[in-house]
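Here is a short tour to read with the viewer open. Please keep the sequence at hand as you go.

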Amino acid sequence: MTPGQLLLFAVGGLSNAAYLFIVAAGLSLVFGALRVINMAHGSLYMIAAFVTVVIANQIGAGLGFWAGLLVAVAVTGAIGGIIEVLVLRRVYGREHLVQLLGTYAVSLVVAGGVRITFGANYRTVLSPIPGHIDVGGYSYASYSLFMIAAAIVIAVGVWAMLYRTNLGRNIRAAVADPDLLNATGVNVTRLYTTVFVIGAGLAGLGGAIVAPSQAISSSIDTDVLVLAFAISVIGGLGSIVGSGIGAVIVGMVISFGLVIPATNPYALAFVFIIMTAVLIVRPRGLFGRAES
Amino acid sequence: MTRLLPDSRRDRLRWGVVLALFLFAALIPPLAGFEENVNPDASARFQIFLGTSALVLALWAISYNLMLGYTGMVSFAHAAYYGVGAYTVAILFKRYNVPVLVGLAAAPFVAAAVGLVTGLVAQRAVRLYFSLLTLAISQLLFSLVYQSYDFTGGDNGAAITVPDQLTDYTTLYYFTAAVVAVCLLLMFMIVRSPLGAALLSIRENRQRAAAIGINVKVYELAIYTIASLFAGVAGGLFIFYQQQAYPEMLYWTANAQPVVVSLLGGTTTFLGPAIGAFIYVVLDNTISKQFPYQFDIVLGAIVLAVVLAAPGGVSDLPSVFVRLRERFRRSDDAEELPVESAGDAIRMFDVRKALASDAIQADEVHSGKTLLSIEHLSKQFGGLRAVEDVSLEVKQGDRHAIIGPNGAGKSTLFNLLTGQMKPSSGKVIFDGRDITGKPPHVIARTGIGRAFQITTIFPKLTVRQNLQYAMLAHGGYTIRPFGIANRMFHAEAQELAEAVGLGEWADLPAGQLSHGDQRAIEIAISLALGSKLVLLDEPTAGMSAYETDKAMELVRRLATERHLTLLFCEHDMSVVFSTARTVTVMYQGRVLTEGTPEQVRHNPDVQKVYLGELEQEELGA
């Protein structure tokens, strides 16, 4: 493998990592604060992807995409709020099984709704940032580079939200001891809704950003969910830094796994081998806190 | 469930439902033919085909429920074993020309082998992480099947041709029904056997299960493997009527089917998932025929309703019906939430006799044999030394109290003795055996029973079952996959329940009794285990003065009657001085002093320690 190819596949891996990070960060944020694994996370991602595609195709590429992205994030955030109030509030602190099934039920309802609203066909949208950049004889799609940049901006944004704002301080306090936080006068119920809306919005952002780079169908929800699980587990559930590292690992494994002929068919299998290994050796993941 | 109806009526109702279910299953082909006569649009063949698929789904779901309902494990890999079963038949047939019936016989064993190996891996994590690990394993198996084009046929799947005798829908239906019936019978035997009792106790309370001597991990692996074995049969039967195995069978989302079906029918009853399977198949074919996309929504709505309407968790489903029933019909015999045993234990206590034997024992104790010997035991958590260089001896027949202010290391010491924690250094010798660092279930078997600080019993099992299951575990019967657990040690358990004053309440769920009576159950469990030494971690914590007196009278009486050795820690000094013959004082992880209650009471250091704490408390520190 030449250095040029190496760079090409590395950038491919990073652009995979980019959208996967945005989705996994939302999953992880919600788990960290609410201790709930949201099985409907991939559904929110799927809704956003469809909303973006439909709006972008209506208005026309470029402006249409950006409008679609904003609407998609707003829609998923709002749906997230509804899910939190109607479903999640009733399952906090209960067995994992109840939480898994409750959010799984939501994902079924969403999947059905998406198929009714958008049909079962594949949809595509033109890239809002067309063109490519040539480096060392290989060309790189501008949009891939944009995705990587966007993920970095979002990573910094989430970090700043968690460590530089009142909201973030409250979220971190809720992770440590929600009862104590409640006693200090913070409305923890509302805080949980806020966290879930942010998590849903991140799923939406991931779905919107991925839309121009993939064909969108009504089965992308479970595909992305299982990868987001893998990333969160590898990096450590509840850790944003972990989601970043996990996303890069998974993105790279998929990218390089697919281009190396010997491993080509088993690229995805490697992701799950790593996930298995991490869970066995270090169940809380590379950056996760031990569960008390 | 136990209190839903009077016993006889409940049994009759239950067997009625079971009989109706089996009769319905047996009559599906003629019923389908009849419907075709009445309504020519309805194809009998298709209806019989649906019946076959419902049978297979029922078997698959009940095998899932062996884990979900009986041990509380949530696995995302169960569909993979179902898929392995189907692929076993297909690949043996296509590549090795093995007859499909032989393949069907092999399928469960291949699935069980895969289940055993992957189950060993999955067991490295617990609870949520166990579930996520099964998800990874499931996706791994899926990718292998999906991508091994040459071996499995990849996304084309693998097809078989069934022998001519089984191509007829009705014959295939009865063939499937026969195999499913045999499997259900085997699973039912397991569920009500002592092995099933062990599984039930794990679901009810893992810590207590270990403390009655059950090796929790081994039993969980066993049921995981057994469940994958029956999933393999279901997968093998699936390919008989679909004539095709495909990789999506192994995809993690495929697990939704058995889970939803179990939920629909109820996870706490053995045949519940079978009822769920028939409902599911009917729903699937009525709704998705007309509204292909609405089925998911309906399914989601049903799951949501079940999950949100059963606040006690999914395992508590029947209580919803009980609550609904009570809302509509205030039954006359609606009785007893917390009940009180009305001091039976005290009435039965012969004071003079106890005092007499007390006097004899007190002299014997200090010259007697050492039962438990702790040598230089230490436990560190990071920099904190919770227990440091503790040595003490507990004599046979003694009632030995450990006291000390909060943070003295009493509970940590107990956890080191019963295996909840491993010591950093030092030795524990019990009855001549080195038990240092052994796991809880092994220590329980050597004869150390324990009542935990927070009462740890099996709340949904009856008082008698609590004791029966402890006796089964103690006798080593829990490895038996046959026999009826609830009929074993019935009389012995009843006798023991009576001995602790709970004879009248033996048929009540243990969790419904008062706090003090639950304590008594916990102590009785130790007796059921034949424990020579019983550890009591703050036996009267949270009790009223009346309950305290009652509980301690019981403890003293049992210790006397049954020649028990007691080791307990307690904050209530009146309890300590009325019960203990030897007192060890711990302070900041070390042994401060030891002696008779009188000696300790007058020890100036002890007074200083307690006074010091009092002063601190007064200062609000």
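## Contacts along chain B

Take the contacts in chain B between residues at least 6 apart in sequence: 74% of them join residues at least 24 apart. This comes from a predicted model, as does everything below.

Chain B has 621 residues, and 50% of them are buried.

## How confident is the prediction?

For the model, the scores are ipTM 0.88 and pTM 0.85. Chain B has a mean pLDDT of 83, with 87% of its residues at 70 or more.

Two stretches of chain B deserve a careful eye. In residues 311-315 of chain B the pLDDT is below 50, and beyond near neighbours in sequence this stretch has 13 contacts in the model. Residues 330-357 of chain B also have pLDDT below 50, and that stretch has 34 contacts in the model beyond near neighbours in sequence.

## Where chain A meets chain B

How many residues does each chain bring to the contact? Chain A gives 37 residues and chain B gives 36 residues. On the side of chain A that touches chain B, at least two residues each come from α4 (96-118), α9 (220-235) and α11 (267-281) of chain A. The largest share of that side belongs to α4(A), with 16 residues.

What kinds of residue make up the side of chain A that touches chain B? By class, there are 27 nonpolar, six polar and four charged residues.

## A helix pair in chain B

Now turn to two helices of chain B: α19 (residues 463-474) and α20 (residues 490-499). Their axes are 9 Å apart, and the helices pack at an angle of about 120°.

To see the contact in the viewer, pick out B:Val463, B:Arg464, B:Leu467, B:Gln468 and B:Met471 on α19(B). From α20(B), the partners are B:His490, B:Glu492, B:Ala493, B:Gln494, B:Leu496 and B:Ala497. Sorted by class, this contact of α19(B) with α20(B) has six nonpolar, three polar and two charged residues.

Notes: Residues numbered from 1 in each chain as written. Chains lettered and ligands numbered in written order. Predicted model: local features only at pLDDT ≥ 70, side-chain atom pairs only at ≥ 80, totals over all residues. Contact = placed C-beta atoms within 7 Å. Helix = DSSP H or I, 4+ residues; strand = E, 2+ residues; numbered from the N terminus. Nonpolar A, V, L, I, M, F, W, Y, C, P; charged D, E, K, R; others polar. Buried ≥ 20, exposed ≤ 12 C-beta atoms within 10 Å, placed from the backbone. pLDDT = per-residue confidence, 0-100. Axes fitted to C-alpha atoms, helices over the stretch in contact; angles between N-to-C directions.
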